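Work through the following exercises with the sequence and the model open. Each task is followed by a solution in steps.

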2 protein chains.
Amino acid sequence: MIRRNTIQRTFVLEAVNKLHCHATADEIYNEIAKKHPTISRATVYRNLNLLSEMGEIRRLELPGSADRFDHISSNHCHVKCEVCGRVFDVDMDFVSGLESGIRDAHGFDFTGYDIIFHGICPECKEQKSSGKE
Amino acid sequence: MIRRNTIQRTFVLEAVNKLHCHATADEIYNEIAKKHPTISRATVYRNLNLLSEMGEIRRLELPGSADRFDHISSNHCHVKCEVCGRVFDVDMDFVSGLESGIRDAHGFDFTGYDIIFHGICPECKEQKSSGKE
DNA sequence: TACTCAATAATATTAAATATCAATAAGAAG
DNA sequence: CTTCTTATTGATATTTAATATTATTGAGTA
């Protein structure tokens with residue numbers, strides 16, 4: 001199937017790169033709609049799927065909340081704050097090698113993995129301890 | 001708030017233990033409904049939440065698909081097959097220590113993590129290669 | 001046995017994402 | 001440039017997982 005270039009798709013790619021970290025489809029839609037209010041929500045979803053299949057952007061599947069979309073960059077993991085729900089980057093060199101270690105142990109063909117840490121971010125931690133007094 | 005014991009809650013716990021691995025709320029509901037067709041889907045969800053809060057069962061949040069519920073057992077990770085969608089156990093001793101390693105590096109209070117591998121299970125792999133011929 | 005309110009059943013609602021489909025426009029061919 | 005094909009769009013409906021709502025029921029105490 002031949003892929004056509006559309007303005008809508010460039011809008012989506014631009015928005016992901018502009019928002020630049022962990023944006024949800026809804027946030028991306030809103031960003032685009034600011035300048036191009038006629039764009040359809042379905043189109044944003046469709047192109048987010050396409051772009052991540054094409055390897056132009058990275059999809060981060062978060063259990064419990066909406067998928068996030070990132071620009072392609074160094075491989076990193078994510079932490080989700082249980083209090084505010086925000087997602088932060090974690091650079092984890094020591095996780096590399098994990099996959100290859102597992103590949104040996106099972107009949108599975110591993111194609112990837114997601115590690116999603118959860119915890120409480122410094123900001124929420126502070127609010128919590130100050131409110132506790 | 002005083003917690004009351006209900007037959008429905010025991011049904012849910014029994015079903016989780018019987019199905020015993022990675023059952024979805026819907027599967028658990030169906031299992032119970034076989035014998036007790038009057039149980040409400042909402043009650044199943046409510047009790048799955050309660051039981052996992054109480055630490056009686058373990059909730060596995062899977063990005064993309066419905067949450068799974070497990071009986072409490074040894075700590076293990078999960079692999080989701082991209083083809084058939086089934087979830088399998090992975091015992092991973094070497095992942096322990098990961099959390100403590102990270103705890104040092106950030107201002108975060110880590111409360112846990114999920115590692116969800118994805119790949120293609122032996123069964124689907126076989127079907128694929130035999131069909132490819 | 002009677003009383004209180006936590007828990008239930010049934011239904012409505014929400015949220016994230018996909019499916020449907022007529023209308024539009026990308027890009028090749030003439 | 002004009003025409004043609006069909007991928008893509010916009011709009012809406014639908015799906016799926018889960019929660020909210022609320023009158024009713026029943027667990028546990030008094």
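A residue counts as buried if 20 or more other C-beta atoms lie within 10 Å of its own, exposed if 12 or fewer, and partly exposed in between, with C-beta atoms placed from the backbone. This is a predicted model, in which local features need pLDDT of at least 70 and side-chain atom pairs count only at pLDDT 80 or more, while totals for chains, interfaces and linings use all residues. Residues are numbered from 1 along each chain as its sequence is written, and chains are lettered from A and ligands numbered from 1 in the order in which they are written.

**Exercise 1.** Locate Ser65(B) and decide whether Ser65(B) is buried, partly exposed or exposed.

Solution. Step one: Ser65(B) sits in the loop between S2 and S3 of chain B; helices (H or I, at least four residues) and strands (E, at least two) are DSSP runs numbered from the N terminus. Step two: the count of other C-beta atoms within 10 Å is 13, so Ser65(B) is partly exposed. Step three: Glu53(B) is twelve residues away along the chain, and its C-alpha atom is 21 Å from that of Ser65(B).

**Exercise 2.** Give the strand order of the sheet in chain B and find its edges.

Solution. Step one: two strands pair if DSSP finds at least two bridges between them. Step two: the three strands make an open, antiparallel sheet in the order S1-S3-S2 (chain B). Step three: S1 (23–24) and S2 (57–60) of chain B each have a single partner strand, so they are the edges, and one side of each has no neighbour in the sheet. Step four: four bridges connect S2(B) to S3 (residues 68–71) of chain B in the antiparallel sense, with Ile57(B) opposite His71(B) in S3(B).

**Exercise 3.** Find the bridges and bridge partners of S3 in chain A.

Solution. Step one: S1 (residues 23–24) of chain A pairs with S3 (residues 68–71) of chain A over two bridges, antiparallel; here Thr24(A) has Arg68(A) as its partner. Step two: S2 (residues 57–60) of chain A is joined to S3(A) by four bridges, also running antiparallel, and Arg59(A) stands opposite Phe69(A).

**Exercise 4.** At what angle do H1(B) and H2(B) pack, and which classes of residue make up the contact?

Solution. Step one: axes are lines fitted to C-alpha atoms, for helices over the stretch in contact, and angles run from 0 to 180 degrees between N-to-C directions. Step two: the angle is about 110° and the axes are 9 Å apart. Step three: angles of 65 to 115 degrees count as roughly perpendicular (under 35 roughly parallel, over 145 roughly antiparallel, the rest oblique), so H1(B) is roughly perpendicular to H2(B). Step four: residues are in contact if their C-beta atoms, placed from the backbone, lie within 7 Å; those of H1(B) include Phe11(B) and Leu19(B), and those of H2(B) include Ile28(B) and Ile32(B). Step five: with Ala, Val, Leu, Ile, Met, Phe, Trp, Tyr, Cys and Pro as nonpolar, Asp, Glu, Lys and Arg as charged, and the others, Gly among them, as polar, the contact has seven nonpolar, no polar and three charged residues.

**Exercise 5.** How many residues surround DNA strand C, and which element gives the most?

Solution. Step one: a residue is near a strand if its C-beta atom, placed from the backbone, lies within 6 Å of it. Step two: 28 residues surround DNA strand C, and the closest include Asn5(A) and Gln8(B). Step three: H3(B) gives the most, five residues. Step four: the classes are nine nonpolar, eleven polar and eight charged.

Note on methods. Two residues are in contact if their C-beta atoms, placed from the backbone, lie within 7 Å.
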